[in-house]
Amino acid sequence: MLQVPDYEFWFVTGSQHLYGEEQLKSVEKDAKDMVDKLNASGKLPYPIVFKMVATTADGITQLMKDVNYNDKVAGIITWMHTFSPAKNWIRGTKLLQKPLLHLATQYLDHIPYDTIDFDYMNLNQSAHGDREYGFINARLRKNNKIVYGWWGDPEVQDEIADWENVAVAYDESFKIKVARFGDNMRNVAVTEGDKVEAQIQFGWTVDYYALGDLVESVNAVSESDIDAKYKELQDKYEFVQGDNDKDKYEHSVRYQIREYFGIKNFLDKGNYSAFTTNFEDLYGLEQLPGLAAQLLMADGYGFGAEGDWKTAALDRLVKIMTHNQATAFMEDYTLELQKGKEAILGSHMLEVDPGIASDKPRVEVHPLDIGGKADPARLVFSGRAGDAMDVTISDFGNEYRMIGYAVEGNKAPKETPHLPVAKQMWTPKMGLKNGATQWIHDGGGHHTVLTFNATETQFQDLATMFGLTFNDIK
């Protein structure tokens, strides 16, 4: 399954020596209490570690250097308990290279009218301090996140949790390596892209391998590994032999398992976390990887068809952000245009992630009228209903852009007995006509990542961290 390091986030509270040592002790006490209770809330996917009450430029600068060079730290959360002069933050904030969340909050959620005095006012100046601190981040043009509200509210904690997942995905993005087995599909424009610029902006390493390199790994898979995986899949999925004779069915499924292990072993040996295939380049393989690709996506590897390395890397990135929950490589395939029923039917030849299945996937073997190879096994299932986001990344020569919209996912209203593939239906929230028109106008591709777990705000935050243009279609 998808493995992510045990990240943590550092918490620093802004103040100054003007108010006296007793006030600073109170600031630290409140901050530690907040951190302890946030960690105990059960909301946060990664722990917060209290580090210091920041009162000097030198202390802040050193802290930011430590954040940058500690691989376990995915980002920093700041809180202005009192008034923290923002000039103290300039050097350190300029040096910071990791995500920054400004938690604009206050220790108490109410004003103690009966007891409030100037000592309380001096200690609890978050409304004052947030604006001073916020100004310098804006002046420095930091791509920071602001979460506003009382830290104890579940909604605020959810916002922090969502941002943590984005920050970890951002950090992990610079570790993504994509193995391309074969080149891009011939004559297709949208799957092309500047790999050097992608590595500069997103951290993605994209490497090409000839099919012969993969075939060697596939042929080396042991029969005992195939036997064990076959039994595991029988326990997990419904095996449907259909019109195939027993030997043909079992051979097709077993060969897909062989491809699964062959690809996985190759990826793991090279520390790759995403891959592409191309039905035009299958020399030495019996079948186009179908079930094999689906099983790898279920494990957390990113995937892109027809050599689409941008979508493969994006798929892996969103899987990290969502802990590999209900996130899938997808393609706009065909349309339902009846009034009141407008929708997109999404699918692919074979490779749709079972993480979005609403029913028990079936292992079936059918001919594939493309690629010129043997009949491949694949998982067949229906997608799910619910709110989702559909996103893609396109290269426009002078910049990369993320293009996406919120959608309403739906199950297909009928079975498709002559289309034995996994399928997912959805309708853009702004309507199919408006959404699809704008998508086409903006230059969005046909390969996407569809996720029922990540939110629109998270994609906005991710784009902000990367300094990436996000065409968020409304």
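Select helix α9 (residues 223-236) together with helix α10 (residues 246-269): the two pack at an angle of about 110°, and their axes are 9 Å apart. The model is a predicted one. Angles from 65 to 115 degrees count as roughly perpendicular, and α9 and α10 are therefore roughly perpendicular to each other. Their crossing is right-handed.

Show the side chains here. On the α9 side, pick E223, D225, I226, D227, K229, Y230 and L233. These meet Y249, E250, V253, R254, I257, R258, Y260 and F261 in α10. Sorted by class, the contact of α9 with α10 holds eight nonpolar and seven charged residues, and no polar ones.

The axes of α8 and α10 come within 8 Å and cross at roughly 115°. This crossing, of α8 and α10, is right-handed. The class count for α8 with α10 is five nonpolar, four polar and three charged residues.

Next, clear the selection and colour by domain. The domain assignment gives domain 1 as 8-174 and domain 2 as 177-472. The centres of domain 1 and domain 2, taken over C-alpha atoms, are separated by 39 Å. Where the two touch, 16 residues of domain 1 are in contact with 17 residues of domain 2. Between them the domains bury about 1,400 Å², with 63% of that area on carbon and sulfur atoms. Which residues of domain 1 lose the most area to domain 2? Select N143, V166 and S173; together they account for 35% of what the domain 1 side buries.

For the last stop, select helix α6 (residues 154-173) and helix α12 (residues 309-321). Their axes come within 8 Å and cross at roughly 140°. α6 passes α12 in a right-handed crossing. α6 contributes N165, V166, V168, A169, Y170, E172 and S173 to the contact, and α12 contributes L317, I320 and M321. By class, α6 with α12 brings together seven nonpolar, two polar and one charged residues.

How values were computed:
Residues are numbered from 1 along each chain as its sequence is written. This is a predicted model: local features need pLDDT of at least 70, side-chain atom pairs count only at pLDDT 80 or more; totals for chains, interfaces and linings use all residues. Side-chain values use heavy atoms; hydrogens and water are left out. Axes are lines fitted to C-alpha atoms, for helices over the stretch in contact, and angles run from 0 to 180 degrees between N-to-C directions. Helices (H or I, at least four residues) and strands (E, at least two) are DSSP runs, numbered from the N terminus. Angles under 35 degrees count as roughly parallel, over 145 as roughly antiparallel, 65 to 115 as roughly perpendicular and the rest as oblique. A crossing is left-handed if the near helix is turned anticlockwise from the far one by less than a right angle, and right-handed if clockwise. Contact means heavy atoms within 4.5 Å. Ala, Val, Leu, Ile, Met, Phe, Trp, Tyr, Cys and Pro count as nonpolar, Asp, Glu, Lys and Arg as charged, and the others, Gly among them, as polar. Domain bounds come from an automatic or database domain assignment. Buried area is the accessible area (1.4 Å probe) that two parts lose on being put together, summed over both.
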